[in-house]
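Welcome! Please take a look at the sequence and the 3D view below, and then we can walk through them together.

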Amino acid sequence: MSKPSWDEYFMELAQVVMRRADCIRGPRAAIIVKDFRIISTGYNGAPHGLKNCSDGGCLRCRNRHEGKIERYQYEESCICIHAEQNAIIQAAYLGTSTKGATIYLTLSPCSSCAKMIINSGIVRVVCRDLHHDGGGIELLKVAGVKVEVQ
């Protein structure tokens with residue numbers, strides 16, 4: 001058995017974190033790493049204290065899942081927090097700096113999350129799949145954040 005690279009290792013761990021996700025649109029995960037150590041993780045789902053998406057907590061996701069609205073309609077009304085948002089928020093909550101860190105994502109960031117990544121000081125993004133909003137990757141590149149798609 002060969003030893004995985006650091007990127008392979010952290011991306012595999014992101015797959016495990018993703019199992020905690022609770023958004024019926026699809027599970028996503030993020031891991032923030034600094035100096036080869038995990039400083040924060042996040043997955044998509046409802047904020048603390050709110051009913052989980054899979055339990056009917058998000059009307060927008062439920063309507064989309066039932067075919068009442070189009071896939072990308074009313075995205076901002078979704079109560080679920082994106083995985084990278086949760087990871088950045090968790091680091092802030094714990095008082096841990098993300099400056100100079102790498103974030104591993106199971107899905108490339110949307111434009112809103114890309115802006116958070118840029119302003120949080122994260123310098124490298126490694127992602128597995130591509131989000132329909134390609135603008136996120138473009139924002140990261142313009143800001144000088146290194147982006148790698150595996």
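## How confident is the model?

Residues are numbered from 1 along each chain as its sequence is written, and side-chain values use heavy atoms, with hydrogens and water left out.

The chain has a mean pLDDT of 89, with 90% of its residues at 70 or more. Confidence is highest in strand 1, at 98, and lowest in helix 2 (residues 59-65), at a mean of 69. Where pLDDT is low, the predicted coordinates should not be read in detail. The helices (H or I, at least four residues) and strands (E, at least two) are DSSP runs, numbered from the N terminus.

Helix 1 covers residues 6-18, and its 13 residues reach 18 Å from the first C-alpha to the last. That is close to the 18 Å expected at 1.5 Å a residue, where the expected span is 1.5 Å times one less than the number of residues.

Which residues of helix 1 are buried? They are Asp7, Phe10, Met11, Ala14, Val17 and Met18, where buried means under 20% relative accessible area (1.4 Å probe, protein chains only). Seen down the axis of helix 1, these buried residues fall within an arc of 105°, so they line one face of the helix; the arc is that of the directions from the helix axis to the C-beta atoms. They pack against strand 1 (29-34), strand 2 (37-43), strand 3 (102-107), strand 4 (124-129) and strand 5 (146-149), with contact meaning heavy atoms within 4.5 Å.

## The hairpin

Strand 1 and strand 2 pair in the antiparallel sense over six bridges; two strands pair if DSSP finds at least two bridges between them. Val33 stands opposite Ile38 in strand 2. Two residues lie between the strands of this hairpin, where Asp35 takes a positive phi near 55°.

Glu84 is found in helix 3 (residues 83-93). Is Glu84 buried or exposed? At 6% relative accessibility, Glu84 counts as buried. Leaving aside neighbours within four places in sequence, its contacts include Ala30, Ile103 and Cys110.

The buried residues of helix 3, among them Glu84, Gln85 and Ile88, pack against strand 1, strand 2, strand 3 and helix 4 (111-119). Just after helix 3, Gly95 takes a positive phi of about 75°.

Methods:
This is a predicted model: local features need pLDDT of at least 70, side-chain atom pairs count only at pLDDT 80 or more; totals for chains, interfaces and linings use all residues. Buried means under 20% relative accessible area, exposed over 50%, partly exposed in between (1.4 Å probe, protein chains only). pLDDT is the predictor's confidence in each residue, from 0 to 100.
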